[in-house]
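Hi,

Here's the structure I promised to pass on. Have a look when you get a minute, and my notes follow below.

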Amino acid sequence: MKYFKRILRILLLLLIVLGIVGYFVVRSLKPDYDGEIEFPGIEEEVSVYFDEYGIPHIYAGSEEDAIRALGYVHAQDRLWQMELLRRIAKGRLSEVFGRDLVSTDKFFLSLGIDVATQKTVSQLDPEDMSVIMANNYLSGINRFIENGPTPIEFYLTGVKKTPFSLEDVHNIIGYMAFSFAMGHKTDPLLTDINNTLGSEYLSDLGITVAPGTEWIQNYHPQQDKETLVAMVSAVHQAMKNLPVPSFIGSNSWVIAPDKTKNGKVILANDPHIGFSQPSVWYEAHLIGPDYEKYGYHLAGVPYPLLAHDRNLAYGLTMFENDDLNFYYEELHPKDSNQYRTEDGYRTFEVINRKIMVKDSSEVSFSYKKSKNGPILNDIADQIKGQTPVSVHWIYTRYENKLLEALYRMSHGKNIEDFSAALPDIHAPGLNIMYGDAEGNIAWWATAKLYDIPDSLNTKLIMDGSSNKSMLMNYLDFEQNPQAVNPPWNYVYSANNQPDSIAGQLYPGYYLPENRARRIVQLLEAKDSWNNEEVAEMVTDVVSAVNPGITRLLMLSVEKDSLNETEAGVLDQLYQWDGSYEVDQNEPSIYHRWIYYILKNTFEDELGQERFSQLLKTHLIKRLIAPMMADKESIWWDDVSTKDQKETHADIINRSLRLAFDSLYKDLGTDPNQWDWGKLHILEHKHPIGEIAALRSFFNPGPFPIDGSREVINNMAFQYDSIKTYPVFSGPSTRRVIDFSNIENGWSILPTGQSGNPFSDHYEDQAELYNKGEYRKMMMNKEEIVGSSKSLLIFRPL
């Protein structure tokens with residue numbers, strides 16, 4: 001018995017020791033929100049007050065010191081995120097994650113972001129304020145790397161911390177720009193459909209926007225099938241493996257004083273970005289003698305993309321314009337190292353690159369490059385076809401002034417200052433939304449836009465040997481879509497088609513009118529908006545389109561084929577108002593039915609792989625409503641049945657039966673148990689959370705979640721045959737700025753401010769976010785200091 005007690009005492013002592021050691025280990029890995037840190041280079045003491053959600057409010061004697069402190073606190077919460085983002089353009093993900101990322105590294109190296117970055121950085125003026133302030137921000141990041149605790153991910157992966165540079169900033173911006181593009185997912189697929197099935201099949205896909213849909217109004221005050229299928233597959237695979245999110249879409253609207261209760265501008269914005277952990281934005285409030293800005297920063301980028309102060313506020317959505325195009329290159333009949341141009345044959349440039357791979361040998365590869373861009377056939381192993389296809393992307397072809405533009409936007413004092421910066425945004429295409437304390441509201445589509453001849457279809461792969469296919473003339477920025485102080489007293493964007501510019505509808509990969517129609521429907525209904533009502537509108541989960549589609553489909557349903565329960569389900573669905581809450585079953589029925597309609601309509605002609613590719617495009621979202629109404633479409637016939645020709649009604653009824661059967665299998669025989677929340681699930685995935693044993697530690701969720709694809713609360717998922725609909729993108733923040741109460745704006749992040757899993761702010765906003773609630777964006781110093789949970793002081797060294 002004494003021996004047994006002695007063993008227990010020893011075990012208890014060991015547990016106590018391990019607990020103490022564990023406590024100090026965790027403490028050593030957590031961000032420092034309290035205390036004093038010596039910082040060489042700062043001129044005066046800087047005080048950083050962290051509010052209850054870990055948002056830093058940085059008070060400094062100069063803007064230079066404020067942005068140095070921002071770099072430090074941003075790094076201590078997001079260094080691992082910064083590390084991954086800077087590796088993408090340079091093809092260095094395989095160093096961290098091994099051979100699975102080699103194809104992704106090859107793809108991004110071939111785009112030439114890093115080469116374009118080197119050229120841009122070499123041409124920067126070191127005396128320009130945008131460069132000076134960026135270097136101050138980087139000094140803060142690098143001070144943390146030298147002096148701060150190492151995040152746990154670096155220990156788990158064996159990655160060494162190294163200093164950040166201006167090249168890293170530009171490479172991160174370059175990845176952001178590419179993630180906005182959609183041409184790489186769409187153009188080769190549409191070309192393949194056109195080549196193999198014919199123009200009638202292509203025209204029925206509605207690749208142009210119908211005139212009856214909701215457009216954003218302007219207002220100015222004054223050929224090788226194997227190659228093509230494999231190309232799309234290779235691009236999807238490269239993007240799928242990325243351990244960081246992509247930019248998808250967004251909502252924003254700005255309401256003029258004449259349409260608000262308090263007679264001041266209200267701005268709302270919720271950019272839609274792939275969910276991840278940590279989430280995309282880092283919030284920070286910087287205050288100096290001559291500068292104040294509450295902003296949202298990308299990891300490793302010194303200037304906010306979304307921001308406000310006491311004078312003005314701005315946000316963004318994705319323009320979705322076509323800035324990435326593909327060209328067939330015609331080879332010399334006797335020399336495959338040459339390609340045809342209008343001036344004769346030229347020799348391909350050959351680019352040699354190397355990729356370091358974790359726990360494996362180095363990978364060397366080369367690819368060819370024409371005057372139009374890199375040849376994709378040389379990059380992805382899946383592409384075996386003989387026809388070379390090059391990719392032309394405006395981001396890498398035009399002078400890059402993005403860093404300067406972001407700086408000037410963040411330092412604008414009024415609408416004139418602010419708008420003067422916008423012509424320098426050549427890519428990615430953005431809808432910039434603006435409002436100010438003087439009562440101005442505006443929307444500008446910013447991008448370098450081409451003058452596209454009527455004879456050219458940029459949605460298809462073009463002829464690289466002909467100058468007639470070259471897009472060489474740019475429109476003046478004044479011709480870009482925009483609306484400044486329009487008489488209808490609001491501006492908005494939901495990634496939908498803008499009105500005509502330069503006498504044409506500008507081609508792009510715009511999203512359907514669903515969100516736009518709902519936004520306009522709500523805004524037009526009243527002229528006395530307040531911030532509470534706007535905040536509620538941001539979380540609206542009602543589709544203005546899907547109930548109409550449902551009722552249209554029901555006109556073709558053969559009621560005799562349904563049992564009593566199923567008939568009751570359809571009666572209930574007929575009364576559906578289009579709302580998407582977790583305890584409703586109508587969304588489950590609707591989306592299962594639509595999926596099987598799409599599958600039975602397109603998969604017989606396209607095959608499984610091309611059908612899967614189509615489901616990943618914006619095009620599939622746009623074509624659902626018009627397709628359901630087009631009873632004569634050539635796509636309705638099932639080409640796999642040789643002895644009959646299927647009709648619209650045949651596909652509708654076949655799909656309804658499959659939808660019911662799959663729901664019985666997945667959720668049981670009682671339709672009252674088919675809750676949307678059992679299918680529509682949100683999990684915020686951390687790259688290391690892919691390891692099953694670490695999933696619960698790194699990944700917040702999974703959560704049942706309100707909303708759906710293409711409602712204002714745009715919780716997007718892809719149609720698939722799997723049981724659930726995992727949400728992959730949605731509002732990356734929700735923010736409401738009311739100039740009648742500027743010190744109390746509202747915001748929320750999907751999980752939390754910190755990317756450090758040991759931080760108290762790793763997922764402390766997740767519950768609020770899931771409920772559609774907000775927290776305050778404080779700007780009043782007395783309130784900030786009085787409510788602060790911690791104070792970090794930087795002292796000159």
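In what order do the 3 strands of the open sheet run? The order is 15-10-18, and the pairing is mixed. Keep in mind that this is a predicted model.

Strand 15 (389-393) and strand 18 (462-463) sit at the edges of that sheet with a single partner strand each, so one side of each has no neighbour in the sheet. Strand 10, residues 324-328, pairs with strand 18 in the parallel sense, over 2 bridges.

Helix 18 (residues 564-574) packs against helix 19 (residues 586-615) at an angle of about 100°, and their axes are 10 Å apart. An angle from 65 to 115 degrees counts as roughly perpendicular, and helix 18 and helix 19 are therefore roughly perpendicular to each other. On the helix 18 side, the contact is made by Val569, Leu570, Gln572 and Leu573, while helix 19 brings Glu586, Ile589 and Trp593. Sorted by class, the contact of helix 18 with helix 19 has 5 nonpolar residues, 1 polar and 1 charged.

For the overall picture, the protein chain has 24 helices and 28 strands. Of its 797 residues, 61% are buried. The accessible surface of the chain comes to about 30600 Å², and carbon and sulfur atoms account for 48% of that.

Cheers

How values were computed:
Residues numbered from 1 in each chain as written. Predicted model: local features only at pLDDT ≥ 70, side-chain atom pairs only at ≥ 80, totals over all residues. Heavy atoms only, no water. Pairing = 2+ DSSP bridges. Helix = DSSP H or I, 4+ residues; strand = E, 2+ residues; numbered from the N terminus. Axes fitted to C-alpha atoms, helices over the stretch in contact; angles between N-to-C directions. Parallel < 35°, antiparallel > 145°, perpendicular 65-115°, else oblique. Contact = heavy atoms within 4.5 Å. Nonpolar A, V, L, I, M, F, W, Y, C, P; charged D, E, K, R; others polar. Buried < 20%, exposed > 50% of the residue type's maximum accessible area, 1.4 Å probe, protein only. Areas by Shrake-Rupley, 256 points an atom, 1.4 Å probe, with all protein chains shown as cover.
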